[in-house]
Amino acid sequence: MKLLLTSGGVTNTSIRGALVDLLGKPIEESSALCIPTAEYGHPRCTPASVWRFIAGQGDLGWKSVGVLELTALSSIGEERWVPWVREADVLLVDGGDATYLCHWMRQSGLADLLATLPETVWVGVSAGSMVMTPRIGDDFVSWPSATDDRTLGIVDFSIFPHLDNPDLPSNTMATAEEWAAGLSGPAYAVDDQTAFKVVDGTVEVVSEGHWKLLTPQN
């Protein structure tokens, strides 16, 4: 897949431009599926926050917007939901708990399907981005049934999101550096004005804010 891994979503013109570039056509001609599943694994998320995520996608101007709830997929059969995914230009994947999202991506079959979607764009928000990394660090695991902090490992770096967000006073650079020290691979701390554009393994940082590579690659 083509990946746009964000901390706070499509928050500025640079990230929006990266999205349009990945799509290869205007947003107004593109169809999107929202995946809110990660929210249900996080204690701070509510039905209201799920709705705000879904309703907010209308501001981007998509041709169409639908909802794909991963916890429902195994009960309705691949013959129904796989065509929905294949027909979408972009999957908009919300934050919450990345280990919970990872579990349901595997359980539903979506994780296995990703490799067959070379033209589809994955737009992650917070945990929706972190799920693509190898590990998220114990600090970000809030789902009680998680066995560890490992996620899909589609990219080879970890992400500390929402750097210096005023609503998350503990998300400081000092906290991020301590978090990164517990990981074994490269890691980035990024604010909500920063994203990663990933195509065929090539990573580009897209930012109108600030970010830092915390664990240099060897």
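Predicted model: local features only at pLDDT ≥ 70, side-chain atom pairs only at ≥ 80, totals over all residues.
Local features here need pLDDT of at least 70, side-chain atom pairs count only at pLDDT 80 or more, and totals for chains, interfaces and linings use all residues. Residues are numbered from 1 along each chain as its sequence is written, and side-chain values use heavy atoms, with hydrogens and water left out.

**View 1. The largest pocket and its lining.** This pocket has a volume of about 1100 Å³. Of its 42 lining residues, the closest to the centre are His42, Gly96, Ser126, His162 and Leu168. A pocket is an open set of points on a 1 Å grid over the protein atoms alone, where a 1.4 Å probe fits and protein lies on both sides within 12 Å along at least five of seven lines; lining residues have an atom within 4 Å of a point. The volume is the space filled by probe spheres set on the points, which are joined across faces, edges and corners. Helix 2 (47-56), strand 4 (90-93), strand 5 (121-125) and helix 7 (127-130) each bring at least two residues to the lining, and helix 2 gives the most, with four. Helices (H or I, at least four residues) and strands (E, at least two) are DSSP runs, numbered from the N terminus. By type, the lining splits into 18 nonpolar, 16 polar and eight charged residues. Ala, Val, Leu, Ile, Met, Phe, Trp, Tyr, Cys and Pro count as nonpolar, Asp, Glu, Lys and Arg as charged, and the others, Gly among them, as polar.

**View 2. Helix 5, tucked inside.** Eight of the eleven residues of helix 5 (residues 98-108) are buried, so the rest of the structure largely encloses this helix. Buried means under 20% relative accessible area (1.4 Å probe, protein chains only). Among the buried ones are Tyr100, Trp104 and Met105. Their cover includes helix 3 (70-73), helix 4 (78-87) and helix 6 (110-113). Just past the helix, Gly109 has a positive phi of about 100 degrees.

**View 3. Strand 5 and its partners.** Five of the five residues of strand 5 are buried, so this strand too is largely enclosed by the rest of the structure. Val121, Val123 and Val125 point one way, while Trp122 and Gly124 point the other way. Strand 1 (residues 2-6) pairs with strand 5 in the parallel sense over five bridges, and strand 4 runs parallel to strand 5 with four bridges. Strands pair if DSSP finds at least two bridges between them. Thr6 sits opposite Val125.

View 4. Leu92 belongs to strand 4 and stands opposite Val123 in strand 5. At 3% relative accessibility, Leu92 counts as buried. Leaving aside neighbours within four places in sequence, its contacts (heavy atoms within 4.5 Å) include Ala32, Ile35, Phe53 and Trp62.

**View 5. Aromatic rings side by side.** The structure holds nine aromatic pairs. Rings of Phe, Tyr and Trp (its six-membered ring) pair if their centres lie within 6.5 Å; planes under 30 degrees apart count as stacked, over 60 as edge-to-face and the rest as tilted. Phe140 and Phe160 have ring centres 5.4 Å apart and planes at 75 degrees, so they are edge-to-face. These two residues are 20 residues apart, with Phe140 in the loop between helix 7 and strand 6 (158-160) and Phe160 in strand 6. Phe157 and Phe196 have centres 4.9 Å apart and planes at 45 degrees, so that pair is tilted. Phe157, Tyr188, Phe196 and Trp211 form one aromatic cluster.

Terms used
Buried < 20%, exposed > 50% of the residue type's maximum accessible area, 1.4 Å probe, protein only.
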